Amino acid sequence: MTHFPKLRILSILKWVSSNIGENHLGSSKSRVWPTEAFHIAPNPRYYGTKRTVQSETCESFYKASSANSKIVSKFSPPRRKKAQAALLDYLHSTRSMQFLDAENMSKNSPHFLENLLKRVESEEDIGRSIARLLRYHPINEFEPFFESLGLKPSEYVPLLPRNLMFLSDDDLLLENYQVLCNYGIARNRIGKIYKEAKEVFRYDYGVLSSKLQAYEELGLSRSTIIKFIVSSPYLLIGNVNVEFVQVLEELKSFGMEISWIEGQLLEGTTYNWSQMFGLLCLFRKMGCSKEQLAGLIAKHPGFLFEGSGDRTLSLIGFLLKFGSTMDQIHLMFLQFPQIQVGKFVLNLRQCLVFLNEIDMEVSEIGKIVRSHALLLGSCTLKKTNSLLTNLNVGKKRLRKIVQENPQELNNWVLGNRVKPLPNSGEGLKSKIERSKFLLSVGFVENSDKMKAALKVFRGKGDELQERFDCIVKAGLKQKDVSEMIKVSPQILNQTKDVIQMKIDFLVNDLGYPISSLLKFPSFLQYTCQRVKLRLSMYYWLKDQGKVDPKLSLSTIVACSDSVFLRQYVNHHPSGPQVWQDLKKRFCSE
């Protein structure tokens, strides 16, 4: 059996949170992994010096309205149209850019255009005013250029060249940009390539074309290459990416078409093919046969494509941390339900939080995780406090229910109505045990003191007896401890270890005799931190001659903070500052 310290459970929770966050799930409209071939619809053609029907078709898939164009403008459409025309004329006629490049920049750089309009906001003839502004105040052409490629200002500002303003001064940038455009990649997708693989735009003449040709020689169509490059721009860095090819070959050997693989790629997501290949290898090492692995990926493409497999790797790591064997994990994957793997891990984590919050022993938590991982990952549990309230039970009973039958968790998921459990009779039994204990230590049956004690007591009768005996063994008579309990019954609501620790602190650290508890039994209610703070402040004030040197322990500790400050601390000018310094010191400890 695997045992974990309590802090180990918390560290695993933190690890899962850092690896699988809520943001990994996307919107509430979860992606449904398609199994059909990916359809590419036709759109208008783009400018280029060399075109093919295939490249037009592929580019058309990526042609979409720029997200940048959705900004709310304070200027009317006619004013914006005139500004666009003035910018187009400047870029094409004055700066000698190719018409389609200039048009793309003028129409798809709304933030830049907005700032341009603000500089001539009071002018009546917008077109002429902007033309005059551009004539005498040249713009940094890289700004509208990068924005027209689909980048937001916050993304492209760090990418702006330091010593350049004109695009014509960067021949290699324009050359590689034209290569991508002519290959069929939509302009508003090229920004992602620039952001994630800037080296591509520093290639010498002919290098980028040769890299694209190398992927075509693998038997991939131009449309396919475009889809993969836009999703993973780093594929253009260096030689043909080996892991990418290995993943494709592996999936093709499973009988999966390239069109099916394309269909799993989410727009705007970058894929780590090296990690995906590593995951396929791990499945093999886990014991998956080729047929099993093919079936798994076909049924659950998210294993591989959701976060490039990092959700699946996090799940495997999670289970290994709880002592699951590779054989157990292998079997779990073969029985995996129809659910996103990221959602599965979040469910698993929430169940772990629940088991931790009901104070289940860590060894028991590990046992349940190992034996019922599929159950835990399939349940989206309600919050712990909600379950305790709706079931009308305590943590102890809830622990027992889960340990005896973990399948009960299925009844406590979000969306299910949770009804109170029938009375187990434990409450009445516990009350009888507590009553017997009180009678045994000298309480009078049905007396007011006994009724008051029963109201505040928590725990079984034998637990209360153990705590009572702990105080007696510290050096007090049984009848004296009985009187203490009558005065402060709540001191027995602490565990035996806590009571022993506080008695040790009183006698050995503070130097008070054990008999001081007879006059001040409620001392055991207060934390050691509070006692240290009060006594340290009192000793300082005593050294300054500002308090009675013979104050009792109960007077120093039992009053509220406001009373202690008013009656003692504030009597010295430096008292409040010393108080704050002491608080910081003891809080840090």
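Student: Which residue just after H23 takes a positive phi of about 60°?
Tutor: This is a predicted model, in which local features need pLDDT of at least 70, side-chain atom pairs count only at pLDDT 80 or more, and totals for chains, interfaces and linings use all residues. Residues are numbered from 1 along each chain as its sequence is written, and side-chain values use heavy atoms, with hydrogens and water left out. Helices (H or I, at least four residues) and strands (E, at least two) are DSSP runs, numbered from the N terminus. H23 covers residues 384–391, and the residue with phi of about 60° just after H23 is asparagine 392.

Student: Why do the buried residues of H23 line one face of the helix?
Tutor: Buried means under 20% relative accessible area, exposed over 50%, partly exposed in between (1.4 Å probe, protein chains only). In H23, Thr384, Leu387, Leu388 and Leu391 are buried. Seen down the axis, they line one face because they fall within an arc, taken from the directions from the helix axis to the C-beta atoms, of 100°.

Student: Which residues are exposed on the other side of H23?
Tutor: An α-helix has 3.6 residues a turn, so residues three or four places apart point the same way. The buried side of H23 is covered by elements that include helix H20 (341–357) and helix H24 (395–404). On the other side, the exposed residues are Asn385 and Thr389.

Student: Which residues does tryptophan 412 touch, not counting residues up to four places away in sequence?
Tutor: Contact means heavy atoms within 4.5 Å. Two of the buried residues of H23, Leu387 and Leu391, are among the partners of tryptophan 412. The list is Phe354, Leu381, Lys382, Leu387, Leu391, Leu398, Ile401, Val402 and Val418.

Student: How many residues has the largest nonpolar core?
Tutor: A nonpolar core is a set of buried Ala, Val, Leu, Ile, Met, Phe, Trp, Tyr and Cys residues joined through side-chain atoms within 4.5 Å. Those with the most contacts inside the largest one are Leu315, Phe333, Phe354 and Trp412. H20 gives the most to this core, with 8 residues. The largest core has 118 residues.

Student: What is the size of the other core, the one with Ile499 and Ile514?
Tutor: In soluble globular proteins, nonpolar side chains tend to be buried together. Leu524 and Ile556 are also among the residues of this other core, which lies apart from the largest one. Its size is 44 residues.

Student: Is serine 96 buried or exposed?
Tutor: Serine 96 lies in the loop between H3 and H4. Its phi is positive, about 60°, although it is not a glycine. With a relative accessible area of 61%, serine 96 is exposed.

Student: What is the relative accessible area of aspartate 359?
Tutor: Aspartate 359 sits in the loop between H20 and helix H21 (362–371). Its phi is near 65°, a positive value in a residue other than glycine. Aspartate 359 is partly exposed, at 43%.

Student: Why does the structure count 0 disulfides? Rather, what would count as one?
Tutor: The structure holds 0 disulfides. To count, a pair of cysteine sulfur atoms must lie within 2.5 Å.

Student: Where is pLDDT under 50?
Tutor: pLDDT is the predictor's confidence in each residue, from 0 to 100. The chain mean is 83, and 83% of residues reach 70 or more. Where pLDDT is low, the predicted coordinates should not be read in detail. The stretch under 50 is residues 21–69.
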